Amino acid sequence: MLSILALFRIGIGPSSSHTVGPMRIARRFALGLEHTGRLAQVRRVEVELQGSLALTGAGHGSIGASVLGLLGEEPDRIDPDRVPTLLAEADRGTLCLLGRQPIDFVTTRDVVLACDVIPALHPNGMRLRAFAADGTVLVDETWYSTGGGFIATAAQLAAPSADDLVASRVQAPFPFASAADLLALCACEERSIAELVLANEGAWRQEAETLAGLDAVIAAMNACIDRGLTREGQLPGGLAVRRRAPELWQRLRAGPANETEVLLDRLNVFAMAVNEENAAGGRVVTAPTNGAAGILPAVLRQYCHEGPQAPELARRFLLTAGGIGLLYKQRASISGAEMGCQGEVGVACSMAAGGLAAVWGGTPQQVAAAAEIGMEHNLGLTCDPVGGLVQIPCIERNAIGAVKAVNAARLALHSHEKPKVSLDQVIETMRQTGLDMSAKYKETSLGGLAVNVAAC
């Protein structure tokens, strides 16, 4: 089992797999040098980004993230406003590993985009080498950014579900490996999905700590929406994409509140606010990835934000959504480079649909049905970012995903028949579809909109 708080990571944009993951890998590499007593011997470091990290790394911030990680910066602690200054200082011929060991460093030379290298274990490969003064290789490691900010070595990838957290060391009281297992546990224990997931989190920490962690995630999601509703201007990257959320929000606040379409507009604007912040490199929460970070916060803000029950409903929403997200992480993947956008927006839509069904009082079976509907109608969704930037079609795709999640929850709660397609079946279908999907539609910017829309 994995902790749901590992799914909901607070970090910076624009990508969990291409920004958060590489930053964590580079920092882990530097810490490894320190722990083995080799840090003082290092005079140069080379980072080779492979596969999707190379093909879309420039637009996804992978180059800068690698540099920040070598400096010792952490995605959940770094101030996004300091990033340009830190990168400028590091590109003056010298970089201080972990802020302590100065080395010779030139970004254009020492961060290599190996577009021709497609790793066999995972499309997001990252090779790091440290050199001594005489050119001797001190350490040579290859890591993988597996989606949602998760990272793994080759050995960890060989052990299912053990990447990043060494999950085999944690024994949850109610382990589940499938939706069928989860529903059976709910029936046997007479508990909701949220209650079971909360009980499992006790394997990592006290309940009060888990609830505090969830509240921190909720606060970060709402803070991201608030920033995105007020910050105007163009997004970086060269596509000249204008932030639309602030203008739409102002129109919503000034217009009549009883129009039927207002609900759609609110979901749209909340999701777009988050993903415009993400595209600008702001602070977001992986839910379960940065590319799909707007869907859960939009639904959460609309249905779990006001009233005395809001805190409890928000926790129920995240606990349920997190439990569903674990199924995708363990049984398939949440990496756009592996599954296409069905593994990001599709999974987020499924998670949000299940979470909202729980908030609305749905049974565990209805929650699973909502999650299944949310994914079923995202199957085959490709990841084809224009210019390698998390902007087109990503921002609008999150808005559509949020609306679709609400509709999926409504459909599930209105149905009293056993679904013809189970959640396990749709997860397996997504996995198979991802494996069959051409690589050019999986976060490489080699197909789809990325080649049919001018990037500048």
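In what order do the five strands of the open sheet lie? In this predicted model, the order is β5-β2-β6-β7-β8, and the pairing within the sheet is mixed. The edges are taken by β5 (111-114) and β8 (150-153), each of which has a single partner strand, so that one side of each is left without a neighbour in the sheet. From one strand to the next, the twist averages 25°. Strand β7 (residues 137-147) and β8 run antiparallel and are joined by four bridges, and S145 stands opposite I151 in β8. Helix α5 (residues 62-71) packs on the sheet, where it touches β2 (44-50), β5 and β6 (125-131), and the direction of α5 makes about 145° with that of β2.

For residues 3-155, an unreviewed UniProt entry lists "domain: Serine dehydratase beta chain". Over this range the chain is 37% helix and 30% strand, with the end C-alpha atoms 21 Å apart.

A packing of two helices was also examined. Two packed helices are described by the angle between their axes and the distance between the axes. The axes of helix α13 (residues 262-279) and helix α19 (residues 394-414) come within 8 Å and cross at roughly 140°; α13 and α19 are therefore oblique to each other, and their crossing is right-handed. On the side of α13 the contact is made by L264, L267, N268, A271, M272, N275 and E276, and on the side of α19 by I395, N398, A399, A402, V403 and V406. By class, the residues of this contact between α13 and α19 divide into nine nonpolar, three polar and one charged.

Conventions
Residues are numbered from 1 along each chain as its sequence is written. This is a predicted model: local features need pLDDT of at least 70, side-chain atom pairs count only at pLDDT 80 or more; totals for chains, interfaces and linings use all residues. Side-chain values use heavy atoms; hydrogens and water are left out. Axes are lines fitted to C-alpha atoms, for helices over the stretch in contact, and angles run from 0 to 180 degrees between N-to-C directions. Helices (H or I, at least four residues) and strands (E, at least two) are DSSP runs, numbered from the N terminus. Angles under 35 degrees count as roughly parallel, over 145 as roughly antiparallel, 65 to 115 as roughly perpendicular and the rest as oblique. A crossing is left-handed if the near helix is turned anticlockwise from the far one by less than a right angle, and right-handed if clockwise. Contact means heavy atoms within 4.5 Å. Ala, Val, Leu, Ile, Met, Phe, Trp, Tyr, Cys and Pro count as nonpolar, Asp, Glu, Lys and Arg as charged, and the others, Gly among them, as polar. UniProt positions are given in the numbering used here, feature names are shortened, and annotations may be inferred rather than shown by experiment. Two strands pair if DSSP finds at least two bridges between them.
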